[in-house]
Amino acid sequence: MRPPGDISPAGQSQKEGGSTASTMTELETAMGLIIDVFARYSGGDGRRQTLTKGELKQLMEKELPGFLQSGRDKDAVGRLLKDLDANGDAEVDFSEFIVFVAALTSACHKYFAQTASK
C-alpha cells in the first residue's frame with residue numbers, strides 16, 4: 001500500500017517528480033474512502049483525530065442511514081459510542097471506528113453468505 005501522502009486527489013499515486021503511476025487497487029480505494037469518511041466528520045470540535053457523540057451521530061445519519069432505524073431510538077448513538085470507546089475518553093478515534101467498520105462489514109458478509117446459500 002502506498003503511504004497516505006502518496007495519493008493524489010484523482011486516486012492515482014504520484015512518483016517523485018509528479019508523474020502518475022498505476023491507479024489504486026479496489027482495496028486501496030476502499031481503505032482511502034474509509035479514511036476520508038472519518039476525516040470528513042471528525043474535528044468539528046477542533047480535534048481532527050476523534051469523533052464526538054454529535055459527529056458520530058452525523059456520520060451514522062449520513063453514511064449508514066439504515067443503521068439507526070430512522071431515529072426511533074434516541075439513545076442508540078450514545079450506546080454505540082460507549083461500545084466503541086475502548087479507551088474511555090468519550091470519543092471515537094480512528095482505531096475504534098475501524099473496529100466498528102470491520103465488525104459491521106463482517107456481519108454484512110455473513111448475512112449475504114447465508115442469503116446466498118438458501
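Asp85 is placed in the loop between helix 3 (76-84) and strand 4, helices being DSSP runs of H or I of at least four residues and strands runs of E of at least two, numbered from the N terminus. A polar atom of the Asp85 side chain lies 3.2 Å from the backbone nitrogen of Gly88, and, leaving aside neighbours within four places in sequence, Asp85 is in contact (heavy atoms within 4.5 Å) with Ala90, Glu91 and Glu96.

The model is predicted, with pLDDT of at least 70 needed for local features and 80 or more for side-chain atom pairs, whereas totals for chains, interfaces and linings use all residues. Residues are numbered from 1 along each chain as its sequence is written, and side-chain values use heavy atoms, with hydrogens and water left out.

Phe38, in helix 1 (residues 26-41), counts as buried because its relative accessibility is 4%. Not counting residues up to four places away in sequence, Phe38 touches residues including Arg48, Leu51, Val92 and Phe97, while its C-alpha lies 9.2 Å from that of Ile98, 60 residues apart in sequence. Glu28, Val37 and Tyr41 of helix 1 are buried along with Phe38, and the elements covering these buried residues include strand 3 (50-51), helix 2 (53-63), strand 4 (92-93) and helix 4 (94-116). Just after helix 1, Gly43 takes a positive phi of about 90°.

Technical notes: Buried means under 20% relative accessible area, exposed over 50%, partly exposed in between (1.4 Å probe, protein chains only). A polar contact is a pair of N or O atoms within 3.5 Å; within protein, one must be able to donate a hydrogen and the other to accept it, and residues adjacent in sequence count only if both atoms are side-chain atoms.
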